[in-house]
Amino acid sequence: MEQQTSWAVQTAESIMSASDPQGYHPELAKRWAYVPGMTLLAFARLWRQTGERKYYDYVKKHMDLFLQPDGSIRGYTIEEYNLDQVNQGKVLFPLLHATGEPRFEKAAHLLAAQLKGQPRTSEGGFWHKKVYPFQMWLDGLYMSSPFLAEYAKTFGRPELFDEVATQILLVERNTRDPKTGLLYHGWDESGEQRWCDPQTGRSPHFWSRAMGWYTMAVVDALEHFPVDHPKRGTICGIFERMAGALEEVQDPETGLWHQVLDCGGREGNYLEASGSSMFVYAIAKGVRLGYLSRKFKSVAGKGFRGLLERLVETNDSGLHLHRICNGAGLGGKPYRDGSYTYYVNEAIVSDVFMGLAPFMLASMEMETQQ
């Protein structure tokens, strides 16, 4: 597939073209949430990579909808104790560095206060949400760990790196399958949920995007860690081991990853865009920063080629990304049981930010290394 402009820029321009006459995108303006947060973070990194001011302006315009002068965040309630609500806070740091405005610092302190008081498992692991008692999900690590690591670095709070390391290592220990090295989507310490194994507390399957969230959490948090932190090497080690497990289940023909990672070829399973983009991003960045062995560069390269050849389409209306799982979770109402049938029957969509944002991040990472 030939291109004149970078894939990340094409994606950004396609997103921006859907904005209203005032320059607001309806999905980014709707609410403070984790997917808009990931998308705005991708735009902030594109601004940093290209130097194009319009990407910074797009980020700030949308963040200004939520950030009040006193540092409060419209639509955010700390007592919800929902890790998803922390993710958009990552965008505060580039805005704080660019503007020096106190409201961005105050908002970061507010989100850090949530994490300090976040409900925990008996070993100190953050519950994914207050409404999901004693449950750790892989998703939550991406929402909270890189934010807390950057917060620790920005405000000189080295003890918080210990907290980040605890969360990353704890969820890996409780969700890792010793046979495949893959991580189950969630873990319920209480054993109360119908979706969990009564002996281990683990959910029954390896969902691609859940592991994608976790791999991005590890690489983005490590980026901020002091080189002499006593757990840094351990985190690099589990990242290396995990990358090897992902290489084992990478589709040999396309380089992509299946919705349910270890069930390639099973009826109903499919090659999924968001998880594949997350793996490409995290592995490529891990190699670039030296956290992963150089041998994994080819894994990321093969995955990126697969995305471009199989799931990306460009036409007069812009760039399009296909075969994105619209959403998946555990428990709740209606009840999500974590079964194979559940994961492969969630809606498959195109062009939603859940896929476009990781694809932007993957594209920037791959283009940095060309």
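Begin by selecting F93, F147, Y151 and F155, which together form one aromatic cluster. The model is a predicted one, in which local features need pLDDT of at least 70, side-chain atom pairs count only at pLDDT 80 or more, and totals for chains, interfaces and linings use all residues. Residues are numbered from 1 along each chain as its sequence is written, and side-chain values use heavy atoms, with hydrogens and water left out.

Rings of Phe, Tyr and Trp (its six-membered ring) pair if their centres lie within 6.5 Å; planes under 30 degrees apart count as stacked, over 60 as edge-to-face and the rest as tilted. Y151 is buried at 5% relative accessibility, whereas F155, at 22%, is partly exposed (buried means under 20% relative accessible area, exposed over 50%, partly exposed in between, with a 1.4 Å probe and protein chains only). The whole structure holds 17 aromatic pairs.

Next, select Y24 and K61: K61 lies over the face of Y24, 4.4 Å from the ring centre. Then move to Y340, where the charged end of R266 sits over the ring, 3.7 Å from its centre. A charge sits over a ring if NZ of Lys or CZ of Arg is within 6 Å of the ring centre and within 35 degrees of the ring normal.

Finally, turn to the cysteines. The whole structure contains 0 disulfides, a disulfide being a pair of cysteine sulfur atoms within 2.5 Å. For C196, the nearest cysteine sulfur is that of C263, 19 Å away. C196 is buried, at 8% relative accessibility.
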